[in-house]
Amino acid sequence: MSASLTDNTQKGTLAIRGGRVIDATGERVADVLIDESGRIVDVGPDLTGDRTLDATGCVVSPGFVDLHVHLRQPGREEAETIETGARGAALGGFTAVVAMPNTDPTMDCASVIRDVLALSRGVACDVFPSAAITVGRKGEALTPMAELVGLGVRMFTDDGDGVQDDRLMRRALEYTVGLAPFSGGAPITLAQHCEVKALAEGGFMHEGAWSSRLGIPGQPAEAEVIMVMRDIALARRTGARVHFQHVSCADSVALVRAAKAHGLPVTAEATPHHFCLTDAACASYDSVFKVHPPLRTDADVAAIRAGLADGTIDAIATDHAPHPQHLKELPFDEAPAGMLGLETALALALTELDLPLAKVLALLSWQPAAIANLDAVHGGAIVAGRPANLAIIDPDVTWVVRGDAMASKSRNTPFEGRTLRGKVRHTVLHGEPVVVDGEPTR
Amino acid sequence: MKHLLSIDDLGGESGIDEVLRVTDRFVEVSARDIPKVPALRGYTVAWLFYEDSTRTRLSFETAAKRLSADTMNFSVSSSSVNKGESLRDTVETIAAMGVDAIVVRHKSAGVPSQIARWIDASVINAGDGSHEHPTQALLDAYTIRHHFGSLEGRHIAIVGDSKHSRVARSNVKAFTALGAEVTLVGPQTLLPPSLEGWPVNVSHDLDAVLPTVDVCYLLRMQRERMTEALVPSLREYHTYYGLDGARAARMAKGSIIMHPGPMNRGVEITADVAGLDNAVITEQVANGVAVRMAVLFLLLGSGVDVIGSQS
């Protein structure tokens with residue numbers, strides 16, 4: 001493919017030419033013109049600018065929003081940094097990511113949030129730090145939520161460790177209801193990694209036929225399901241917004257579906273690995289397939305796909321979790337859980353899900369943007385006046401996944417060697433091309 | 001076959017049969033005045049035991065020495081592993097010294113499979129977590145065959161903690177491949193969470209099963225299972241699933257009692273039962289050496305028949 005950007009060093013207006021625009025409002029063939037301030041100024045036929053991005057045969061979508069990434073900084077820069085993680089995000093079409101707080105130190109106080117925001121300046125996507133619900137993610141005391149909301153935090157989670165204490169979770173939910181004055185009116189969401197420790201502890205994969213055969217201690221699906229039940233009940237009690245992270249089993253999907261039917265303020269995400277892989281992958285004892293929550297059964301995969309199709313699940317989130325190779329070579333039970341996701345999410349959704357393209361884009365872009373309260377800047381319609389955060393994708397090109405070709409500092413993709421369909425060609429962040437023809441520019 | 005990671009690697013009945021046939025010949029070798037043959041002269045076998053196991057390690061070591069192999073013991077407790085060396089670095093270091101086989105015992109399931117991906121030498125699984133212990137199953141199958149001529153149609157009860165037992169997983173595969181009927185006996189908490197794909201019967205009632213079996217195979221009851229609330233107490237376990245004299249007396253004529261050792265006397269087996277004529281526990285140990293000779297010979301041997309000549 002010839003270089004699409006006429007001159008990347010030059011400033012001025014940018015025209016995205018020859019593409020098909022798809023957003024929440026529908027689909028049309030149109031060029032997109034962006035001004036020097038990074039805003040869309042026109043959407044229509046035959047637009048020209050000082051610079052041109054070729055989008056022939058491509059789809060121009062609002063940039064993707066990942067509600068669930070581990071950027072590992074501060075604390076575990078050997079695995080990833082905000083810079084390398086953001087570059088991978090941009091290559092995956094994401095213009096915004098929500099960074100999980102399980103860093104070292106934990107994102108549970110103003111100073112660490114400020115640090116992460118400072119480190120995020122100038123990287124290849126917008127990074128929105130979430131903050132922990134409890135201090136140190138220990139499940140004992142609430143973080144200074146109002147102060148953190150004042151710094152821009154819109155999502156709280158103890159990801160990796162669901163809040164075990166029922167009373168503390170109730171208090172956290174109640175407290176968020178009163179935070180609107182400090183967030184400029186934006187609602188605050190509590191995101192939960194549903195896993196009852198008493199049932200899950202000591203289990204390293206899904207408990208079932210495969211764990212029994214392999215002799216790997218399992219954790220039952222009920223470890224997730226019971227906490228989903230509890231948090232739905234508490235959402236009803238408190239009226240607070242609860243977001244279910246990486247739902248992995250059929251019963252969780254059914255519970256969320258029922259809760260939504262009752263009008264409760266709950267949302268849910270699913271990861272590509274939970275709709276593409278099953279526990280059978282663990283038969284190799286390769287810990288690249290070890291993840292929390294664990295890969296489950298064919299029936300669970302089918303239920304997650306159905307949930308994505310019928311709107312029960314609102315978002316595809318990656319749970320991008322880089323780990324260095326030497327830790328993934330530990331015995332299965334000792335190895336850290338988690339896998340890369342940013343650069344393969346779109347292609348897995350297009351290849352594996354039997355959904356219309358616009359539906360896949362909704363799950364990757366405007367629906368998660370709404371959950372994270374980012375829709376003023378990300379995920380919204382492609383119309384004049386909006387910030388130009390865009391993903392230009394070729395939905396038909398096929399490519400082969402290679403961990404060592406990724407921007408991440410780590411290589412732990414469970415999809416190594418798979419041929420997938422659909423790839424990001426360009427990514428535009430606040431009007432600036434951060435990916436051009438599949439290559440990062442920053 | 002390059003590795004023995006699982007009974008599956010033997011490819012079913014014919015592969016298991018071959019090991020047992022070769023074992024016959026090494027039983028004969030072991031009975032000689034000088035029980036040693038030059039079959040693996042010039043070969044090096046290394047032990048890599050991350051978990052203590054005196055009996056399995058000694059059994060393998062005796063087997064290797066009777067085949068004239070050189071042996072190398074990597075003692076984990078006094079080694080670089082304690083200085084933080086990774087499993088892969090340790091294994092690659094040993095492999096670089098030029099070993100032909102590594103015999104591995106590890107507390108984590110799957111470690112032998114991981115090691116087999118990293119090095120060229122043969123890997124023999126001497127027990128990995130709750131996964132498999134294939135040479136134990138082979139020596140058990142050999143012992144049963146010795147008593148009954150064949151496993152075909154024999155009924156074998158495996159009693160106790162099959163959930164956490166690598167012996168049970170390997171034995172179920174080996175015994176059923178050879179045509180035996182296997183019943184897992186124990187409280188529900190000590191059975192694998194799913195038995196989908198396992199060709200076994202299940203019973204919670206040892207007294208009902210016992211008169212119907214040819215082999216009562218007792219698993220070791222780990223004391224730490226108490227803290228996990230898997231059984232109310234060792235006393236209760238013993239009352240319902242322990243093999244005592246009264247229960248042993250109700251076993252059919254000609255049936256045998258087996259145990260992989262080490263025994264918890266007074267828990268899964270009483271002292272008087274361990275001493276019965278039909279308790280073949282020391283026979284299992286003796287056969288273990290010949291079976292491990294057969295495994296080493298088949299994995300490493302040049303194929304030249306050197307079993308007949310004494311060194």
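The radius of gyration used here is taken over C-alpha atoms, and the globule rule it is held against is 2.2 Å times the number of residues to the power 0.38. For the 442 residues of chain A that rule puts a compact globule near 22 Å, and chain A agrees because its own value is 21 Å. Along the principal axes, the C-alpha atoms of chain A fill a box of roughly 60 × 50 × 40 Å.

A word on what you are looking at: this is a predicted model, in which local features need pLDDT of at least 70 and side-chain atom pairs pLDDT 80 or more, while totals for chains, interfaces and linings use all residues. Residues are numbered from 1 along each chain as its sequence is written, and chains are lettered from A, ligands numbered from 1, in the order in which they are written.

Let's step inside chain A. It holds 14 helices and 21 strands, these being DSSP runs numbered from the N terminus (H or I, at least four residues; E, at least two). Of its 442 residues, 59% are buried, with 20 or more other C-beta atoms, placed from the backbone, within 10 Å of their own.

Residues 59-250 of chain A carry the annotation "domain: Dihydroorotase catalytic" in an unreviewed UniProt entry; such annotations may be inferred rather than shown by experiment. This stretch is 34% helix and 18% strand, with its end C-alpha atoms 33 Å apart.

Finally, chain A meets chain B through 18 residues of chain A and 21 residues of chain B, where contact puts C-beta atoms, placed from the backbone, within 7 Å. On the chain B side, α4(B) gives the largest share, three residues.

How values were computed:
A residue is buried if 20 or more other C-beta atoms lie within 10 Å of its own, exposed if 12 or fewer, and partly exposed in between; C-beta atoms are placed from the backbone. Two residues are in contact if their C-beta atoms, placed from the backbone, lie within 7 Å.
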